[in-house]
Structure formats: C-alpha cells, structure tokens
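This report examines selected side-chain contacts in one protein chain. The sequence and structure are shown below.

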Amino acid sequence: MKINDEYKELAWQGLWKNNPGIVQLLGLCPLLAVTSTLTNAIGLGLATLFVLICSNTTVSAIRKWVPKEIRIPIFVLIIASFVTCVQLLMNAYTFGLYQSLGIFLPLIVTNCAIIGRAEAYASKNPIKQASFDGLMMGLGFLLILMLLGAVREILGQGTLFDGANLLLGEWASILRIEVYTLDSQFLLAILPPGAFIVMGLFIALKNAIDDRVAAAKPKKESKEIERVRVNFDEK
C-alpha cells in the first residue's frame with residue numbers, strides 16, 4: 001500500500017468507518033456523562049485528542065525496546081503520564097472546566113480507545129503513521145463528542161456554547177447562543193438517559209447512511225463457471 005493511500009485509509013477509519021465513538025463504542029462512560037454541554041464536550045475531546053497523539057507517538061518510538069510480556073502496563077503508564085500533564089494544564093489555565101469535567105478527566109487513562117490504538121496500531125507501526133492514526137481517532141472521537149454535546153445542550157437548555165468562558169476565558173462569554181427560550185431545563189436531554197437515546201439515534205443514522213451507500217454501489221457480477229463432467233464409463 002502506498003503511503004498516501006495508507007494515510008487516507010487511516011483518516012477514513014478514524015473519522016467514519018471505525019470511529020471509536022459510534023462504531024467501536026469505546027470510552028462511552030465519559031462520552032455519555034460529560035456531554036451535557038458543547039463546552040464540556042470540546043474540553044474532554046481536546047484532552048483525549050492530545051493524549052491519543054502523544055501516547056501513540058511515544059509507544060511507536062519505544063516499540064522495539066518494550067518486552068511483549070509487560071507491554072500493557074508500560075502503555076498504561078505512558079498514557080497516565082500524559083493525562084497527568086493534561087490535568088495539571090487544565091487545573092492551571094481552565095480551572096472551571098477542570099472542575100466541571102471532574103473524575104472523567106483522569107478516567108481518560110482507562111479509555112479503551114487509547115489503550116486499544118496503542119496496542120493494535122502504534123506498537124506495530126512507525127512514528128508518522130502512529131501519530132497520524134492518533135490524530136484521526138482523536139478527531140473522530142472529538143466530533144462525536146461535539147455533536148452529542150450540541151444536540152443535548154440545544155434540547156436541554158436551548159443554548160449553544162454555554163460556559164465557553166470556562167474553556168477560552170472571559171472573552172468567550174459572547175459566544176453563547178440562545179437558540180430558543182425554555183422556562184425550565186429539559187432534564188431528559190441533560191441527564192445520562194438522554195445521552196443514551198441521542199447516541200442510539202447517531203448510531204442508527206450512521207448505519208442507515210452506510211446501507212444507502214452500499215446499496216448505491218454497482219454490484220460486481222460473479223462469473224459462473226460451467227463445470228464439465230467427464231464420464232469415463234461411456235464407450
């Protein structure tokens with residue numbers, strides 16, 4: 001496979017075909033719990049993206065020196081180191097968002113999507129491909145988080161980018177958009193059960209699109225091979 005084709009395949013796998021959020025269904029705990037607002041979703045998505053790229057790159061760089069017997073503990077240690085860096089940075093510069101994400105920020109360490117990519121791809125491929133794979137998988141996860149957060153925030157609060165100042169600073173308060181006015185919040189959309197429902201609709205929509213695309217493709221005609229039976233008993 002050519003290098004350009006390999007990068008295209010990695011992008012296609014991460015963003016759509018093998019998306020960790022709606023196909024592999026990995027990291028669902030923070031995905032469903034934190035995405036009550038778009039700001040929270042972006043914060044968690046960027047943190048996961050950073051950890052994915054850095055862990056994939058590091059695992060690929062040291063892959064030849066890691067014994068197979070202890071590779072998983074080493075991978076977890078690498079991931080935990082980068083998650084700690086993210087926690088310290090968010091605690092220093094985006095403390096409000098750090099408090100909002102709570103326990104789900106350190107839980108990135110146990111995200112199966114990150115450990116899975118380190119084991120399945122980064123530990124077997126060069127640094128460039130491994131880091132690009134982390135980028136695409138992280139972007140795919142980020143996009144699902146953003147879509148889920150946007151839908152839940154609009155349905156639950158009637159707003160978009162509520163609390164953007166927690167991520168970007170006080171100036172970002174002007175980014176808040178009031179889509180429509182609600183007398184009280186729609187709790188079903190804000191609470192985790194609403195996340196399950198919206199997530200199920202996303203999965204159903206993706207499957208429907210895949211089925212429609214597959215049906216639109218021309219089917220390859222299979223050539224039937226005529227078998228000739230030879231009878232040696234005939235005279």
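This is a predicted model: local features need pLDDT of at least 70, side-chain atom pairs count only at pLDDT 80 or more; totals for chains, interfaces and linings use all residues.

Phe-95 and Tyr-98 lie three residues apart in helix α5 (residues 95–101), so they are separated by about one helical turn. Phe-95 is partly exposed, with a relative accessible area of 41%, and Tyr-98 counts as partly exposed at 23%.

**Aromatic pairs**

Three aromatic pairs are found when the whole structure is searched. One of them joins Tyr-7 and Phe-132 in an edge-to-face arrangement, with 4.9 Å from centre to centre and 70 degrees between the planes. This pair links distant parts of the chain, since Tyr-7 belongs to helix α1 (residues 3–17) and Phe-132 to helix α7 (residues 127–157), 125 residues apart. Tyr-7 is partly exposed, with a relative accessible area of 22%, and Phe-132 counts as partly exposed at 23%. The rings of Phe-95 and Tyr-98 have centres 6.2 Å apart and planes at 25 degrees; the pair is therefore stacked. The angle decides the matter because planes under 30 degrees apart count as stacked.

**Salt bridges**

How many salt bridges does the structure hold? There are five salt bridges in the structure.

| Arg-71 | Glu-119 | 2.9 Å |

Arg-71 and Glu-119 form a salt bridge. The two residues link distant parts of the chain, Arg-71 being in helix α4 (residues 71–93) and Glu-119 in helix α6 (residues 112–120), 48 residues apart. Arg-71 is partly exposed, with a relative accessible area of 29%, and Glu-119 is also classed as partly exposed, at 21%.

Asp-162 counts as partly exposed at 27% relative accessibility, and Arg-176 is partly exposed with 40%. Together with Glu-178, these two residues are linked in a network of salt bridges.

Glu-178 also takes part in a polar contact, in which its side chain meets the side chain of Thr-181 (3.0 Å). Thr-181 is located in the loop between β2 (177–178) and α9 (187–190). Is Thr-181 buried or exposed? Its relative accessibility is 60%, so Thr-181 counts as exposed. Thr-181 and Thr-159 are 22 residues apart in sequence, while their C-alpha atoms are 8.3 Å apart in space.

**Helix α10**

Helix α10 has 25 residues and reaches 36 Å from its first C-alpha to its last, close to the 36 Å expected at 1.5 Å a residue. The cut-off explains the two classes, because buried means under 20% relative accessible area. The buried residues of α10 include Gly-194, Ala-195, Val-198, Met-199 and Phe-202, as well as Lys-206.

Methods. Residues are numbered from 1 along each chain as its sequence is written. Side-chain values use heavy atoms; hydrogens and water are left out. Helices (H or I, at least four residues) and strands (E, at least two) are DSSP runs, numbered from the N terminus. Buried means under 20% relative accessible area, exposed over 50%, partly exposed in between (1.4 Å probe, protein chains only). A polar contact is a pair of N or O atoms within 3.5 Å; within protein, one must be able to donate a hydrogen and the other to accept it, and residues adjacent in sequence count only if both atoms are side-chain atoms. A salt bridge is a side-chain nitrogen of Lys or Arg within 4 Å of a carboxyl oxygen of Asp or Glu. The expected span of a helix is 1.5 Å times one less than its number of residues. Rings of Phe, Tyr and Trp (its six-membered ring) pair if their centres lie within 6.5 Å; planes under 30 degrees apart count as stacked, over 60 as edge-to-face and the rest as tilted.
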